[in-house]
Amino acid sequence: GLGPAAAGSPGRYLQEQRRARGMSLEQLAAATKIPKGQLALLEADRYEELPAPVFVKGFLRCCARALKVEEEVMLGLLYEREREQLRSRRRDTG
């Protein structure tokens, strides 16, 4: 299994951790009470299609708990991603 940094994104890390535990999306949905479709969007890092960012953080926290992963690690990846997007947005506006 790759470390969080190698996974690069919260969704990818989430997916790796879930698979490492031999869990299906259905099982994770049952464990977290998060609809399977929304978990699939999370794993694909398609946050724009999910409810507000506060939900995304809550979902990642829930998933981290269900998978026995450090919540800080999962959220750290999310913050890293957000910073990266801010940086690239600034580059675009130049």
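**Exercise 1.** What pLDDT does the chain average?

*Solution.* Start with the ground rules. This is a predicted model, in which local features need pLDDT of at least 70, side-chain atom pairs count only at pLDDT 80 or more, and totals for chains, interfaces and linings use all residues. Residues are numbered from 1 along each chain as its sequence is written, and side-chain values use heavy atoms, with hydrogens and water left out. Now the score: pLDDT is the predictor's confidence in each residue, from 0 to 100. The chain averages 92, and 96% of the residues score at least 70. Confidence is lowest in helix 1 (residues 4-7), with a mean of 71, and highest in helix 3, at 98. Helices here are DSSP runs (H or I, at least four residues), numbered from the N terminus.

**Exercise 2.** Find the buried residues of helix 3 and say how they are arranged.

*Solution.* First, pick out residues with under 20% relative accessible area (1.4 Å probe, protein chains only). In helix 3 (residues 25-32) these are Leu25, Leu28, Ala29 and Thr32. They lie on the same side of helix 3 because they cover an arc of only 105° around the axis, taken from the directions from the helix axis to the C-beta atoms. Next, look at their cover: it includes helix 2 (10-20), helix 4 (36-43) and helix 5 (53-67).

**Exercise 3.** Is Gln38 buried or partly exposed?

*Solution.* Locate Gln38 in helix 4. Its relative accessibility is 24%, so Gln38 counts as partly exposed, the class between buried (under 20%) and exposed (over 50%). Beyond its neighbours within four places in sequence, Gln38 contacts (heavy atoms within 4.5 Å) Leu50, Pro51 and Phe59.

Methods
Helices (H or I, at least four residues) and strands (E, at least two) are DSSP runs, numbered from the N terminus.
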